[in-house]
Amino acid sequence: MRLAIMQPYFLPYIGYFQLLAAVDSFVLYDNIKYTKKGWINRNRMLVNGTDKIFSLSLKKDSDFLDIVEREISQDFSPDKLLNQFKGAYRQAPYFEQVFSLLEKIILYEERNLFEFIYHSIVKICDYLGIDTEIRVSSHISVNPELKSQDRVISLCQALDANTYINAIGGMELYDKEAFKTVGIELKFIKSNAFEYVQFNNEFIPWLSIVDVMMFNDLSTIHTCIFSNYQLI
């Protein structure tokens, strides 16, 4: 069984969904510390030919809370974020269907950060035809004191995974021999270049999956997600 484990990211880039589609089961971390400078509650969209950050504003709270303990701010305006997407992409070829999906995601009334992002990932997977099982880390019985690689290995063992696939950025974090000694093959997924027309602008890669969906038909996206990568 092939397994991947990732933090929940809000409307992440296409590589996130390639990883999700490459495995049999995908674990979302909810009981891991929220990190301010990561991509948990933000990403990038195309605005007038340049990349701009969009985000979910969060309630001010302790820096030591887990993701599942963080809340979206009462000041967060779903309509404002939707208007940002509308202004950026209303002339895109697949705007109507993708904006309808965004409304289902952004107007979701849940204010727990993890639950909000979990819902968005499920909705996008449905839209893209990805049927990988999605599980939540806190629902899996492992020693909560374990950290980083040891925690990943424990989750793999708890779910009887024989292959663990990680994003390419984890090559410096995980040791193939450590996984091999417990009977698990460690692989890394590397996305191949995927370039498409973004209006008449110079192409900007690795924006939010929203950008991909706005400019590409589902067949093209499906092909990219399920085959346009390498496992190393």
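Which residue lies over the face of Y34, and at what distance from the ring centre? In this model, which is predicted, R70 takes that position, 4.9 Å from the centre of the Y34 ring. A second contact of this kind involves W39: the charged end of R42 sits over its ring, with 4.7 Å to the centre.

I turn now to contacts between rings. A pair of aromatic rings is described by two quantities, the distance of the centres and the angle of the planes. The count for this model comes to 19 aromatic pairs. One of them joins F10 and F54, with 6.0 Å centre to centre and 75° between the planes. Because planes over 60 degrees apart count as edge-to-face, the F10 and F54 pair falls into that class.

Where do F10 and F54 lie in the chain? F10 belongs to the loop between strand 1 (2-6) and helix 1 (14-21), whereas F54 is in strand 4 (residues 50-55), so the pair ties together parts that are 44 residues apart in sequence. As for solvent, F10 has 0% relative accessibility and therefore counts as buried. F54 is likewise buried, its relative accessible area being 1%.

Another edge-to-face pair is formed by Y174 and F179, at 6.1 Å centre to centre and with 90° between the planes. Are these two residues buried or exposed? Both Y174 and F179 are buried.

Technical notes. Residues numbered from 1 in each chain as written. Predicted model: local features only at pLDDT ≥ 70, side-chain atom pairs only at ≥ 80, totals over all residues. Heavy atoms only, no water. Phe/Tyr/Trp six-rings, centres within 6.5 Å; stacked < 30°, edge-to-face > 60°. Helix = DSSP H or I, 4+ residues; strand = E, 2+ residues; numbered from the N terminus. Buried < 20%, exposed > 50% of the residue type's maximum accessible area, 1.4 Å probe, protein only. Lys NZ or Arg CZ within 6 Å of the ring centre and 35° of its normal.
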